[in-house]
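Subject: The two-chain model for you to look at

Hi there,

Here is the structure I promised to pass on. Please open it beside this email, and then read on for what turned up in it.

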Amino acid sequence: MEYFLELFFGGLTRGSIYALIALGYTMVYGIIELINFAHGEIYMIGAFTALIVASALSLAGMSGWSLLILAGVVAMIYSAAYGFTLEKIAYKPLRTAPRLSPLISAIGMSIFLQNYVLLAQTSDFMSFPALIEEFPFMENVTIIRSSELVIFITTAVATTLLTLFIKFTRMGKAMRAVAQDKTMAMLLGVNVNRVISVTFIIGSALAAVGGVLISSHIGQINFYIGFIAGIKAFTAAVLGGIGSIPGAVLGGMVLGWTESFATGYVSSDYEDVFAFGLLVFILIFRPAGILGRTTSEKV
Amino acid sequence: MEWKPLIRRAGSEIFKSSVAAVWFMFLTFPLMVIKISPLDRTIEWRWMRMVYVGVGAFLLSFIWRYMLERKETGAEKSEADSWQKRAGNRIRSDRMIFVPILAAIGAFVIVFPFMFSSYQTSIMITALMYVMLGLGLNIVVGLAGLLDLGYVAFYAVGAYFYALMNHHFGLGFWAALPLAGAMAATFGVLLGFPVLRLRGDYLAIVTLGFGEIIRLILENWNEFSFGPSGIAGISRPSTFGIKLTLQEHTVYLYYIMIMLVLFTILVVGRLRNSRIGRAWIALREDEIACQAMGIDKTKTKLMAFALGATWAGFVGCILAAKTTFINPASFTFMESAIILSIVVLGGMGSIVGVIVGAFILILLPEYLRAFSEYRMLAFGASMVLIMVFRPQGIISGIRQRYEFHGKAREEVRT
């Protein structure tokens, strides 16, 4: 039972991170129908920025929660800035282009950003300081670590805030309108370019949160982490039904648990096979994902 | 002379570029400037880099805006006016130009291995392999409009088929080649069945997943595929009993590749104008209308997957014979992304486009080796730039059009 719970919480942690990244995919896809392949790289840049800031500040003598929060905030700002710039350079000139062109541009950007970090920093694994401190009251608990608890709570808070934002603010309303019908929203006076920028900024900041938390949990990063995480998170987004925010969270959790239990009970070699196998399986029976709505095409 | 608007324009351009320069200096600050060495716990500040970024961004933003402006005004001109179309028509219609150009290309292709080193020939073989892969994927993505991100799976199937058959049963290259194609086609149909109902990006992610599953199985199922260490000592193409040196083998393989590429071009070109080819294009344009016209959607899609996969199977078999060693690391998602980029960058649906795209994407990183560490950076950046400034690809696909000219009805290719 204890082993089961350990795997359960491990899966929950992974799932939370997938969910945080998947939110960015799903929001962008919902609005401009683009698979933002460079999103994983934004997450990686967030983790790297946090590492640099945290190392610099800890040399200056800072530590503890304030260090985590400061590094996290700077990482969010930088990831958001990168996401914003990415959209302006690689996607905005391609709004009216054939559908696959932005995808190739995204793949190009992903290669570019990976190599940019590789050249600017290093190709080696860098050890990431454990920014999340152990809680004193968790001393006797073995099935869940403090950092896992923090990751889970942060994800829950971030998702709730995002849902509230989309439901109740003017910008959120505009985002839903653009997702539904871009042309109509434009005609009704919604500044579509602004909405798209905000979407990229929010998605990128969430990815940075995921990047900082998981790097601190695992303890090392390199320039390549964004690629795998990006593919997994996109899988999570599709699994849950792309374009749907609760879907992204659910998809992330399902993927996290699948991987965790597959690793724990079967074999860690086939972890990814199970993840993708589950994806194929679900899409065959529910082609629009778990929470996605099947829309019948109008002629 | 009106100086005022000119000065104002110059002022606003300089201001915009300055903003871009400052923005990029801010953006690249933590990653470019600060370098932490964790061992001796020191920070290295590399301020000069910030200056480079600033100056670079300032200058590049001028070029960027100028190019974007040119692209926007250029788009208004009718497509028939573009120099490329006119040149294309001229070359195709005028035998006096067309035949000599073809002959020159043919002669160059034939003497190539004797003019250049075997290293160059080897690179050229790789480029030709990607031409075939690109043309194969072009059937699935360019003609049938099915976004396949796991194309590399069929490539792997072909390669491992030959490698394993050769290892266990000593099967030769020439016998394995058609069988590898057939094997890959079978996998194409196997993948095709479950994904028939999916559309667009769901299809993309499922094919991606399929590609990863194949690679992971090859990596982990040691008894079957020898795991990450791969299979070595695969035989090269047999030469009917003649002994060849390593160099001669490269030349031999080069000519095999040329023949196969010509064969591919012939088949794909004929396919496009065949009944099934037109059905693919119809399917790509509008699935519902296509079904209403009585085209069997299932059969057409499966056919696209199977035929597309066949070429990947062929090339996989060639890869195994060329390198005599394969392991799962050659079949990552990046490979699929590169092949897809060849198709889209060159121009979807266009055969010449795919060939040009393959040569650019494979030869560019090879010849950028002079910049060694910056080559992948330049590669990614050029992918973005080509897409931003030529979203339809370098050579856009040719569409069959029928036009009325007075009473006579004739076929006009534009």
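A:E33 counts as partly exposed, with 15 C-beta neighbours inside 10 Å. On that scale, a residue is buried if 20 or more other C-beta atoms lie within 10 Å of its own, exposed if 12 or fewer, and partly exposed in between, with C-beta atoms placed from the backbone. You will find A:E33 in the loop between α1 (2–32) and α2 (39–59) of chain A. Helices (H or I, at least four residues) and strands (E, at least two) are DSSP runs, numbered from the N terminus. A:E33 is not a glycine, yet its phi is positive, at about 50 degrees. Most residues other than glycine have a negative phi.

Before going further, please keep in mind that this is a predicted model: local features need pLDDT of at least 70, side-chain atom pairs count only at pLDDT 80 or more, and totals for chains, interfaces and linings use all residues. Residues are numbered from 1 along each chain as its sequence is written, while chains are lettered from A and ligands numbered from 1 in the order in which they are written.

B:T324 has a positive phi of about 55 degrees and is not a glycine. This residue lies in the loop between α13 (297–323) and β4 (325–326) of chain B. B:T324 counts as partly exposed, with 15 C-beta neighbours inside 10 Å.

Now for chain A as a whole. Its secondary structure comes to eleven helices and two strands, and along the sequence they follow the pattern α-α-α-α-β-α-α-α-α-β-α-α-α. The radius of gyration of chain A is 19 Å, close to the 19 Å that the globule rule gives for 299 residues, so chain A is as compact as a globular protein of that length. (The radius is taken over C-alpha atoms, and the rule is 2.2 Å times the number of residues to the power 0.38.) Along the principal axes, the C-alpha atoms of chain A fill a box of roughly 60 × 45 × 35 Å. Of the 299 residues in chain A, 54% are buried. Two residues are in contact if their C-beta atoms, placed from the backbone, lie within 7 Å. Of the contacts in chain A with a separation of 6 or more, 78% are between residues 24 or more positions apart.

Is A:L23 buried or exposed? A:L23 is buried, with 27 other C-beta atoms within 10 Å. Its place is in helix α1 of chain A. Leaving aside neighbours within four places in sequence, A:L23 is in contact with A:L162, A:G203, A:L206, A:I245 and A:A248. A:L23 and A:A236 are 213 residues apart in sequence, but 9.4 Å apart in space, C-alpha to C-alpha.

Next, chain B. There are 16 helices and six strands in this chain, and buried residues make up 38% of its 414 residues. Chain B is divided into domain 1 (4–76) and domain 2 (116–401), with bounds that come from an automatic or database domain assignment. The C-alpha centres of these two domains lie 39 Å apart.

The largest nonpolar core has 207 residues, and those with the most contacts inside it are B:Y162 and B:C317. Such a core is a set of buried Ala, Val, Leu, Ile, Met, Phe, Trp, Tyr and Cys residues joined through C-beta atoms within 7 Å. Its largest share, 15 residues, comes from α13(B). Domain 1 and domain 2 of chain B both give residues to this core, so it lies between them. Leaving aside neighbours within four places in sequence, the contacts of B:C317 include B:G158, B:Y162 and B:A180.

Where the chains meet, the contact takes 52 residues from chain A and 45 residues from chain B. On the side of chain A that touches chain B, α4(A) gives the most, with 13 residues. By class, that side has 38 nonpolar, eleven polar and three charged residues. (Ala, Val, Leu, Ile, Met, Phe, Trp, Tyr, Cys and Pro count as nonpolar, Asp, Glu, Lys and Arg as charged, and the others, Gly among them, as polar.)

Last, a word on confidence. The predictor gives the complex an ipTM of 0.87 and a pTM of 0.84. Over residues 408–414 of chain B, pLDDT stays under 50.

Happy exploring!

Methods. pLDDT is the predictor's confidence in each residue, from 0 to 100.
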